[in-house]
Every structure is written in structure tokens, then in C-alpha cells.
Amino acid sequence: MPEFAVWAPKPERVRVDVDGTWHQMTHSADGWWRAEVDCPANARYGFVLDEDEQALPDPRSPRQPDGVHARSQLWRPTPDAWTDVDWAGRPIAGRVIYELHTGTFTPEGTFDSAIGKLDYLVDLGVDFVELMPVNAFSGTHGWGYDGVLWYAVHEPYGGPDGLIRFIDACHARGLGVLIDAVFNHLGPSGNCLPRFGPYLSTGHNPWGSSINLSDADADEVRRYIIDCALRWMRDFHADGLRLDAVHALVDTTAIHLLEELAAETDALAEELGRPLSLIAESDLNDPRLITPRDRGGYGLTAQWDDDIHHAIHTAVSGERQGYYADFGSLSTLAQTLTHGYFHAGTYSSFRHRRHGRPLDTATIPGTRLLAYTLTHDQVGNRAVGDRPSQRLTYGQLAVKAAIALGSPYTAMLFMGEEWGACSPFQFFSSHPEPELARATAEGRKKEFAEHGWDADEIPDPQDPATFLRSKLNWDEVSTGHHDRLHRTYRDLIALRRSEPDFADPWLDHMTVDFDEEQRWIVLHRGALCIACNLGADAVSVPVTGELVLAWDTPVIGTDRTTLAGHSFAIVRTVKRASTASTPGDSPLPG
């Protein structure tokens, strides 16, 4: 007989509505209400608070077949749902992660349709698929970061059964799966949690009220978050989580939520007998996130590193607006590549204060940081959602890929970047409430108008065309320069697997040479040199040896190599050529 339970310390009475019949619940001193009800395994249910006449969905709802405003449904996977009994998992260190949005990855926008593209990802050489949030959110389509029922799977994608099929299919092909989880705020549509208890604090972050992590009754809220995180990895067999904007988790307790979650994740990994990973998105440049717990850190597996993105993107593209202001030079790029963070207790002109803390590169390997040239944020949070491929040459895109994939960091791609997709990835939503829909659209236009954009150019997030424009066009992959760039990505990823020098995770073992005026930079990874020309004109760089891979065939001489404009060459050399005679050269030790 199923037991229905809900933590609801706020109301004085709670009843459970099971398939239209209300049942009294028993209250305990810890704020939990419980009732056993004889009902079908797929019964619809909700909780009726005090004198309400309408049932609210379960905060821990396993399924929302009719959306986040409707009643919940009991759900358990069928006994034969899983076939991945032999999946042993894999660590993420040094691997290649592929971030995708389920709704725009394929024309159909479902888990089942995404399964049809998994063989393509295997051929590309990626190791993990990272799903943007798949938790239940209001409307049919959106980015997923405005979820309100964190335990349920978004139904238009295929619901919980569809997610099981997708993860099972990934494991069958040797692909790990990471899920983007949002625990720092709740969405504006369908959020009933404050009716049940003090899930929110008095503080605020950029997206609204903060989650209650350290005020009164915070223990149950923390448990709610941790149980949700473990559910994705235990019940859905995910291999880890990407934790959204952890800098917005305001926790003043002695044991930070992230440390507690990391400890319980490690315990679950031990229980399951396979690696589980937690990757933080953080704006803090704080190495404590990825420092082991026995050395005073939180013990997370890895973190996104926006400094690497900013340094690569600005050096190649020339953009300098907003938070790109401190980046752009090759000196900055070299500093960032060899030290992990650029802002490490240094002044940030964008923030108007010091920012970050130095990373101990002698004890923390580079594989604990993720390097990327593109993410959903770095495209979708632009005014018109334009990709670099819509502004840069294919050679420039190849140079960016060579630097990121040739670095000692764990690498990540954003869907479509590997062929230079021309489709934008714009901010889209489908709030059903007219006032919220209008406020979302107007707020987006106002935000970018304040930064100089013509408001008429800003896509309306609520317009279905904005969503449809953001879908990948798979017909591009095998055409012209798209195909050439795709093959280059595939070859770069293959080198990461086959070359021992590329497996070295220590930043101290890499050196970088560059010439600011001539716009070239060389990453030295053991016997391999990744020489990149960021300028439009051909340049001569002080490396020579056997050609391994290139974008545009270089001219390799006895002591120097000539690179065409906007190109790279990976050369295997036994002895590094001297750079002392080259004006402007700035060797930078790791």
C-alpha cells in the first residue's frame, strides 16, 4: 500500500487527494504528514492544505504528466527498464563533455529522438553527454533553469521513462551522462513550495528569493536538495551533475551544502561501485570548491572555468565588452592557460574589485577545471543568441578548438560548435501566464537596451519562432567547411586519447610562448607543440618537427614553421627551437 508523505510545517491541516478522493494525513512533530492509501500504482494525487479546495503537486513529485500546475502521479520504472548492469562508469578527469539542450538538439526535441544522434557523438569521440536541466518547469519549452518541481522530469521531453531510455542507450554506447541541476532558485511559474514550508530565505539572488540553506528549518530544505541530487544518480543512473551557479547558494553554516553533497555523492559512488562526479558552475574563482575535503576544501570533482573561455574567445574574436574587458591579449591568454584562473586575487575592472584566489597548480591538476570555447550561457545570454560561427572564420573556430582541446584541462563542447552551426541559441520560454510572459519579454528587451542594443532586435522569448530558430540544423554537418571543421574536432579529440603528452594533467608541465604583435601562440605539451596563428596574415613561429594535425597545411622549416592566417598546426618535436632572437616573444613558464 503506497505511503504518501510531505514535509509541510506551515499549514495546520494537510489532506491527500488520490484520484479525486481526499484522505486525512497524520502529522508528526518534525513537520511531516503521512497517510497510507490503497490505490493504483499510477494514481494521480496532490496535497490539500488547510481550507484549500484545490490539490497542490507533491514537492517531491516523481512525475507531472499534465504539467507543473497539475496533480502529481505515482511512478516507478518498469522492472526491465534498465539494461546497463555492466556499466562501470568513468571518471570525468581529462575527458570530453558534450553539453546539449534536449528540446533543440533534434527537430523533435525529445529524449527518444536524441538517442538517434548518440552514434554520431560516439564517432565524434566525446565521453559524456551533459543535459541542460530536465527537471519539470512551466510551459512546453524553455531552458529549464526555472524549474519548480526538481524531482520530476519535463514531460514534453519524454518524462521519466524517456530519460531512462536515453541514459540506458548512452551507457550501451559507452557514453556517460551528466545532468544540469539547479538548486539556487525556483522558477516564477508553478512554485508552490513556500505554501508547504520555509524553502526560501529572506535573501535574494539575481533570479529571485534565495533558497533557505541556513535559516530556521533549513535542515529539511538541505535534505530536499541532497535527496534530489542523489535521486538523479541513483534512480536514473546519471554519472554526475553539473551544479548551476553555486555562488548563489548562500550558506553560512560550518559545513557548506556543497561539502555535504560531495560527501554523500562519494558515499553513493562507493555503494554503487562506479564513479560519480559533481561539476560546479561558479563565478568565484575559488579553488576551495575543487580542493579535497581532507585539505579543507569542498571536494567537488571539477568546475566550469569561464576565465579560460573569456581568454580564448577575446584573443581570437577581438571582443572586449562587458566582462570581457580584462581579457583579449595573448599575455592574458597565456597567463590563464598556465594558471587556471586569470583573476586570482587580482583587480577585475568589470566588478570594480579584487576577484578570485590563486589555484595551487602543484597540487590541483588542470583536469579539475573545464575548458571550453562555447556554452549555452556564452551564446544564449548574448542579446540575439548569436554563435561565434556567425561572426568568425572557420579557421578562427578551428584555432579556438585547438587551444581548448589541446590544453591540459577537461574539455567541453556545446552542441553544434563542432561543425560551426549557423543556428543561434536564443533565450526562449513558454510561460502560460500572460502577465509573466509579457514581463519576461519586456525585461529581456530592457536589459539589453540598457547596454546599447536596439530593443527591436532582441528576440521575444515567448515567440515560438525564437525556440524553433534555436534548433540545430543537422543538414549542415556534412557540407563544405562545416564538414571540414567537424573532422578537425574529431581529429583533435582523437589526439587527446592517443597522445600520452595530452594526458598530462599538470599545468606546471606546460609552457606557453607567444608574440603579441604577430598574434601567434604556442602551447608546449611534452614533445607536442600546438602552434596557433590568431592573425589574418601568415606568420613564422619558432617550432619545427613532424606534422601531426593542422588547419591549412603549414610550411615546416629546419627551425621555424610558417602558419597561414587563422590556422593552427600540431607538431611533434624532439628539441624546442630557441625563441630568444624573435622580437616580442614572451616565454611564460607554467
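**Sheet.** I began with the strands (DSSP runs of E, at least two residues, numbered from the N terminus). Three of them make an open sheet, ordered β1-β5-β4, with antiparallel pairing. I noted β1 (3-7) and β4 (26-27) as the edge strands, each pairing on one side only. Pairing here requires at least two bridges found by DSSP between two strands. Between β1 and β5 (residues 32-36) I found five bridges, in the antiparallel sense. A5 sits opposite R34 in β5.

**Ground rules.** This is a predicted model, where local features need pLDDT of at least 70, side-chain atom pairs count only at pLDDT 80 or more, and totals for chains, interfaces and linings use all residues. Residues are numbered from 1 along each chain as its sequence is written, and side-chain values use heavy atoms, with hydrogens and water left out.

**Helix pair.** Which residues of α8 meet α9? I listed D307, I308, A311, I312 and A315, which meet L330, T332, L333, T336 and L337 in α9; contact means heavy atoms within 4.5 Å.

**One leucine.** Last, I checked L163. Leaving out residues up to four places away in sequence, L163 touches F111, L131, V134, V153, I179, W232 and F236.

Key:
Helices (H or I, at least four residues) and strands (E, at least two) are DSSP runs, numbered from the N terminus.
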